[in-house]
Amino acid sequence: MNTLLQSLQAKVETQSHATEEQTQQMLNDFEQRLSQALNAALRKIDHDMRALERLSSSLNNLTTHEIEAQASKIRDATAALEESRKEWRTVTWKTMLPTYLAGVFLTFWVLLMAVQLTFPEQPSRIETLGLATFGLEGTRVTRGLGGLGQVVNLPPGVTLANCPVPNLGGGEICVETARTR
């Protein structure tokens with residue numbers, strides 16, 4: 001039994017050494033494959049990081065250029081808008097101010113005419129009596145709109161004549177009637 005036990009013990013030791021060597025070999029192979037896989041993964045990560053860095057840099061540059069282009073367009077549009085606003089303001093003042101002033105003056109004139117038409121001027125008695133003494137009965141004096149000037153309607157038989165003494169200041173008219181001839 002002793003021999004059997006010794007033989008069994010020797011067999012277990014042999015097998016234990018074989019298993020240990022086999023396990024050591026498998027461990028070495030696993031370590032070598034793991035090292036190769038880790039190195040490959042490290043190279044891939046390094047390669048991907050460089051690619052990501054290049055892509056990030058190019059995207060950053062592209063975005064910067066697009067932002068600068070948009071900013072330039074915005075500045076140009078703002079300048080054009082400001083120029084348009086100045087031009088519009090100038091055109092508005094040049095066109096609307098005269099129209100506005102014309103409207104104000106027209107309104108003032110219409111109101112003035114309305115007031116004068118509402119209160120017509122009474123004919124002067126002295127003027128009518130003075131004309132009658134010279135044989136100008138039936139002479140009518142008509143005033144223009146708003147009292148702007150007078151028109152004298154002479155009766156039949158009365159004619160205009162040359163004034164004996166010229167009036168250099170103007171504004172006087174000489175007439176000839178049957179009585180004044």
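## A partly exposed aspartate and its partner

D48 is partly exposed, with a relative accessible area of 35%. Partly exposed means between the two cut-offs: buried is under 20% relative accessible area and exposed is over 50% (1.4 Å probe, protein chains only). K44 is partly exposed as well, at a relative accessible area of 48%.

The side chains of K44 and D48 form a salt bridge, 3.5 Å from N to O. A salt bridge here is a side-chain nitrogen of Lys or Arg within 4 Å of a carboxyl oxygen of Asp or Glu. Both residues lie in helix α1, 4 residues apart, about one turn of the helix.

## Where the model comes from

This is a predicted model: local features need pLDDT of at least 70, side-chain atom pairs count only at pLDDT 80 or more, and totals for chains, interfaces and linings use all residues. Residues are numbered from 1 along each chain as its sequence is written, and side-chain values use heavy atoms, with hydrogens and water left out.

## Overall layout

The protein has 2 helices and 4 strands. Their order from the N terminus is α-α-β-β-β-β. Both kinds of element are DSSP runs, numbered from the N terminus: helices are H or I with at least four residues, and strands are E with at least two.

How much of the protein is buried? Buried residues make up 4% of its 181 residues. The protein exposes about 16,200 Å², and carbon and sulfur atoms supply 63% of that area. Accessible areas come from the Shrake-Rupley method with a 1.4 Å probe; for residues, only the protein chains shown count as cover.

Residues 24 or more positions apart account for 25% of them. A contact means heavy atoms within 4.5 Å.

## The other salt bridges

How many salt bridges does the rule give? The count comes to 3. Side chains of opposite charge can pair when their charged atoms come close.

R50 and D46 join their side chains in a salt bridge of 3.0 Å, N to O. They are separated by about one helical turn because they sit 4 residues apart in helix α1. R50 is partly exposed at 48% relative accessible area. D46 is partly exposed too, at 35%.

E82 and R85 make a salt bridge of 2.4 Å, N to O. These two are 3 residues apart in helix α1, so about one helical turn separates them. E82 has a relative accessible area of 31% and is partly exposed. R85 counts as partly exposed at 37%.

## A nonpolar patch

Which residues make the nonpolar surface patch? They are I45, M49, L52, L55, L59 and L62, and the patch covers about 580 Å². I45 sits in helix α1, which spans residues 2-118.

Patches are made of residues with over 30% relative accessible area and no salt bridge. Like charges are joined within 9 Å, and nonpolar side chains (Val, Leu, Ile, Met, Phe, Trp, Tyr) within 5 Å.

## A strand residue

A161 belongs to strand β3, residues 159-161. At 26% relative accessibility, A161 counts as partly exposed.

What does A161 touch, leaving out residues up to four places away in sequence? A161 touches C174, V175 and E176. A161 and T177 are 16 residues apart in sequence. In space, the distance between A161 and T177 is 9.5 Å, C-alpha to C-alpha.
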